[in-house]
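Welcome, and thanks for opening the viewer. Take the stops below in order, selecting each item as it comes up.

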Amino acid sequence: MKTEVRLLRANDIELLNQVIKLADDNRSTLGFMPAQAFGPFVKAGNIIIALQDDTLWGYLLFRRVKTKYSAAITHLCVSEAARGHRVPEQLFDFLKEQVKGVSAVTLKCRRDYTFAKRVWMRLGFVPRDESTGRSLDGKPLTRWYYLFNNQLELFGEKEDDDKLKVVIDANVFYDLCNVKEAVAPKESHSLLADWLQDDISLCITNEIYFEIDRNENREIREFNRKQARSKFEERKYDASTRDIILTDIKYIIKRTDTERNKSDLIHLANTIAAKARYFITQDVAVIEQGEILFDKYGLLVRRPVDLIVDIDELKNNNKYVEARFVEHKTSFAPIKSKDITLIAQDFIYNEGREKLNELRAKIRAFVSSPERYTAQVWKANRSEVVQHAMVVWSIEGQGLEVSLLRCKSNHSRLVERKLKDLILDAANKSLTYVKVSDQYISDTVRKALTEYGFFRDSSDNKWYRFLASGIRNITYLKERIGPNLQCAGGLLEPLNQVFLKNELDTISLFNVEKCLWPVKLDAAKVPCYIVPIQHRWARNLFDERMSEADIFGFDSTLLFSRRNVYYRAASPRLPKEGRILWYVSKSKGGKNFGEIRASSYVEAVTISSAKSLFRKYEGLGIYKWNDIITLANGDANAQIMCFEFADTELLTKPMSFSELQKTLVSEGRKPNQILAPTEISHELYMRIYSQTY
């Protein structure tokens, strides 16, 4: 019987348990990973399984490394019964399809694992370098590469500065020092996994030596001192700064006045004074005050398992933590059990017959099933008591289902932003729709759903938004999405025209493309332009990646909106409808700019006096009156252009200025400095988009 290879789904509870057991049975070679760490990998679509008669034969757990446009294999494990049946090849072939577009797949493996070495060679990996492992015996690790192209320079030896500097508390330190003597694996042991070596640097402060010195056994003291000196990096700090911080945190974390408790607080104060961003602990009292420590000092407190689950997000954000601490106290965060009662009171649907105890029970059920549901709440500031929006979602079959979607009045932009994230997440997972099944939809939420092209299906009274990704033809969409549309009620007219009435003219196809965004239809040949924008405007209008890096912060109300406006000189004029690629121009010190970074749709173009345009669009866009009057050369009656754009998609692989010039020349165009909107052909747009999305 043919082996079935597919992604592990959120509702595959029994198979997930089999994966966890297989990993535990083989932890001597895989390294230890806590059971609770597997759930987030399932949600992300990052566990591939091989089945024979519904029995697990093997699995492959991987990560997408955005900073390198690569993928990394964390685990590849095959059961004894399945060995000899080429299961690794089948799992890896499936992985290559999942990560199309990356430059390489990488992994790290102990050099003395000769059996694994034969597997990697058979799969086409090349052993290009090695390093010393983090385990206590320091066994060498081989770094293997499977390259999809020749850009090996992207994957050279990492600089140590690229690692996350994470300070561990005393208990985690002792767990790691005594891993060989442990009767059973502990959560802290997961920090020693070989695959984490390139990502984190485990650190201590000098307070650990006072902890060690309190032990009465000389042999143990000497052993622990040796481990502290050889295995961990010591972070330095200013003593006077530490003393001020220590005084403050004594009021944040209440402790009895024992030597051990004093030492714990000193170690935490040392960590903050050393400007560390991450503190790894299992101390419940410290974890409970994590939000306060973040708000006050920018310190992210994590359990070991949380670090493993969040490692890629933390790596991507590592350079910008300080800017985010200052400016970016705006995000959806997991719902905590202790907040459920307050959240239910905040989001009860008062206009209907919803009962508070029923809503509270729903939220508790969702929060208690993290392997299936993602339950989040949004606050303007981490320390705020008042929540502004809530969302609960899960992957169900070929769709992403939103079970709860609530927000306070006049916060529709928050919902718009979350819907955008969910649509793009579903598209990246090759799902075909997002469904909102919450039966209590407020006017504010309904406004956001309508803005993003959701329609209410009269057959089940739920809201749907169909989607696809990449560059597709209409035949593909009819085969993949058509059957669902055939039985949907309340279908949007553009979908009805193409899928039910078979109207395939350019405008009809383009309207369908926008309804199914982020897909691009190859037959919808509408006007396409490259539009230059200064980085200071881009960071506020659509590109939060630059906002995170910019010390001046951003206006979240603009970033959260589906549509926005941008002002330019009246000539050359843009079409009233079409596609644009945003070229973010270089700026002084802006090393990441001078790139094609995003795509959008033009929704409307207006040419009028500076004064009248400002009055009309004052609530949108980032331009202030001083900016507009400057654009109009000081004449309030001068004609300028304002265009509305929507559905902006940040491109995964921005195209540099030099690559853009090469692409233009290869298409028979002259090099172009992109100083004004530049019309390009439909074919050139599709070529650039295919290389960057």
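## Stop one: Leu 16

Select Leu 16, which is buried, with a relative accessible area of 10%. Here buried means under 20% relative accessible area, exposed means over 50%, and partly exposed is in between, using a 1.4 Å probe and protein chains only. Leu 16 sits in helix H1, residues 13–25. Helices (H or I, at least four residues) and strands (E, at least two) are DSSP runs, numbered from the N terminus.

Now show what surrounds Leu 16: beyond its neighbours within four places in sequence, Leu 16 is in contact with Leu 8, Phe 38, Val 42 and Glu 371. Contact means heavy atoms within 4.5 Å.

## A word on the model

What you see is a predicted model, in which local features need pLDDT of at least 70 and side-chain atom pairs count only at pLDDT 80 or more, while totals for chains, interfaces and linings use all residues. Residues are numbered from 1 along each chain as its sequence is written, and side-chain values use heavy atoms, leaving out hydrogens and water.

Colour the model by pLDDT, the predictor's confidence in each residue, from 0 to 100. The mean pLDDT of the protein is 83, and 87% of its residues reach 70 or more. Then select residues 316–329, where pLDDT stays under 50, and residues 547–558, where pLDDT also stays under 50. Where pLDDT is low, the predicted coordinates should not be read in detail.

## Zoom out

Switch to a cartoon view of the whole protein, with its 29 helices and 27 strands. Of its 693 residues, 54% count as buried. Among contacts with a separation of 6 or more, 68% are between residues 24 or more positions apart.

Select strand S16, residues 399–407: nine of its nine residues are buried. Two strands pair if DSSP finds at least two bridges between them. Val 391 stands opposite Leu 405 in S16. S15 and S16 form a hairpin with two residues between them, and Gly 397 in the turn has a positive phi of about 60 degrees.

S16 also pairs with S17, this time in the parallel sense over four bridges. Look there for Val 402, opposite Val 436 in S17.

## Stop three: Ser 437

Step on to Ser 437, in the loop between strand S17 (433–436) and helix H18 (443–451). Is Ser 437 buried or exposed? With a relative accessible area of 18%, Ser 437 is buried. Its side chain is joined to that of Glu 401 by a polar contact of 2.8 Å. A polar contact is a pair of N or O atoms within 3.5 Å; within protein, one must be able to donate a hydrogen and the other to accept it, and residues adjacent in sequence count only if both atoms are side-chain atoms. Not counting residues up to four places away in sequence, Ser 437 touches Glu 401, Val 402, Ser 403 and Lys 462.

## Last stop: a five-strand sheet

Finally, select the open sheet of five strands, which has the order S10-S9-S8-S11-S12 and parallel pairing. Strands S10 (233–234) and S12 (300–302) stand at the edges with a single partner strand each, so one side of each is left without a neighbour in the sheet. Inspect strands S8 (residues 164–168) and S9 (residues 200–204), which pair over four bridges in the parallel sense. Here Leu 164 stands opposite Ile 200 in S9.
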